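Student: I would like to learn how to read a structure like this one feature by feature. Could we go through it together?

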Amino acid sequence: MQGLSERQYAARVGLSRGAIQKAKAAGRLVLHEDGSIDAEASDARRAAMTDPSKSRRTTASKLKPVPDAAVSAVGDTLREQGLAAPPIGSGTTFLQAKTANEVLKAQERRIRLQKLKGELVDRARAVAVVFRLAREERDAWVNWPARAAALMAAELGVEAAAMQKALEKHVRAHLDELAEVRPEFR
């Protein structure tokens, strides 16, 4: 055998064996007497007979580069699901990107369903409710010494005005401590 087999030539040029068989039937390949493929001559003939707009090599040069942020997002999504993510700077395979896309679509559908079921609440609304409740709690504590001082003073046998001042002092100190607590909403 002087040349390459269909499989060998297909591997060399990056095409399927079926594509090579079609090219052979269409006369785009140069064959030796024994039926094997003359690689160099076939490459030249295929290049001359192939429409450049239908060549895979021309479409690869038209591809836009993928932003690093998108590649990073794919890796983050895969890692969150416990799947293998591409190493930093190595790029992402189509399969990894497709898997990440499917994972994100499933997560979106799950969130949408949870909203419809009423299992999720709007973040802004939740923050507003917590803020309103905290304000009401603070106001209740600020007003408490005025209401409780007279009763406590009578029980302990002390002056009501002094009791109210002492209670207000301690309540203010406690509220100042609570004011430094900053909840984080995630």
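Predicted model: local features only at pLDDT ≥ 70, side-chain atom pairs only at ≥ 80, totals over all residues.

Student: What percentage of the 186 residues in the chain is buried?

Tutor: Buried residues account for 17% of them.

Student: How do I read the secondary structure, and how many helices and strands are there?

Tutor: Helices (H or I, at least four residues) and strands (E, at least two) are DSSP runs, numbered from the N terminus. This chain has eight helices and zero strands. Along the sequence the pattern reads α-α-α-α-α-α-α-α.

Student: Where does Ala153 lie, and which residues is Ala153 in contact with, leaving aside neighbours within four places in sequence?

Tutor: Ala153 lies in helix α7. Contact means heavy atoms within 4.5 Å. With those neighbours left aside, Ala153 is in contact with Val158, Glu159, Ala160 and Met163. Take Met163: ten residues separate Ala153 and Met163 in sequence, and their C-alpha atoms are 6.1 Å apart in space. Val158 sits in the loop between α7 and α8, and is partly exposed, with a relative accessible area of 45%. Not counting residues up to four places away in sequence, Val158 touches both Ala153 and Met163.

Student: How should I describe the packing of two helices, and at what angle do α7 and α8 pack?

Tutor: Two packed helices are described by the angle between their axes and the distance between the axes. The axes are lines fitted to C-alpha atoms, for helices over the stretch in contact, and angles run from 0 to 180 degrees between N-to-C directions. Helix α7 (residues 123–156) and helix α8 (residues 160–179) pack at about 145 degrees, with their axes 8 Å apart. The crossing of α7 and α8 is right-handed.

Student: Which residues meet there?

Tutor: From α7 they include Trp141, Trp144, Ala149 and Ala153, and from α8 they include Met163, Leu167, Val171 and Leu175. The residues of this contact divide into 15 nonpolar, one polar and three charged. In this scheme Ala, Val, Leu, Ile, Met, Phe, Trp, Tyr, Cys and Pro count as nonpolar, Asp, Glu, Lys and Arg as charged, and the others, Gly among them, as polar.

Student: What is a nonpolar core, and which residues form the largest one?

Tutor: In soluble globular proteins, nonpolar side chains tend to be buried together. A nonpolar core is a set of buried Ala, Val, Leu, Ile, Met, Phe, Trp, Tyr and Cys residues joined through side-chain atoms within 4.5 Å. The largest one here has eight residues: Tyr9, Ala10, Val13, Ile20, Ala23, Leu29, Ile37 and Ala39. Helices α1 and α2 each supply at least two of its residues, and α1 gives the largest share, three residues. Leaving aside neighbours within four places in sequence, Ala10 is in contact with Leu15, Ser16, Arg17 and Ile20.

Student: How many salt bridges does the structure hold?

Tutor: A salt bridge is a side-chain nitrogen of Lys or Arg within 4 Å of a carboxyl oxygen of Asp or Glu. The structure holds eight of them. One joins Lys24 and Glu6 (3.1 Å, N to O). This pair links distant parts of the chain, with Lys24 in helix α2 (residues 17–25) and Glu6 in helix α1 (residues 6–13), 18 residues apart. Lys24 counts as partly exposed at 29% relative accessibility, whereas Glu6 counts as buried at 16%.

Student: Which residues are linked in a network of salt bridges?

Tutor: Arg12, Glu40, Asp43 and Arg46 are. Within it, the closest N and O atoms of Glu40 and Arg12 are 3.9 Å apart.

Notes. Residues numbered from 1 in each chain as written. Heavy atoms only, no water. Buried < 20%, exposed > 50% of the residue type's maximum accessible area, 1.4 Å probe, protein only. Left-handed = near helix turned anticlockwise from the far one by under 90°.
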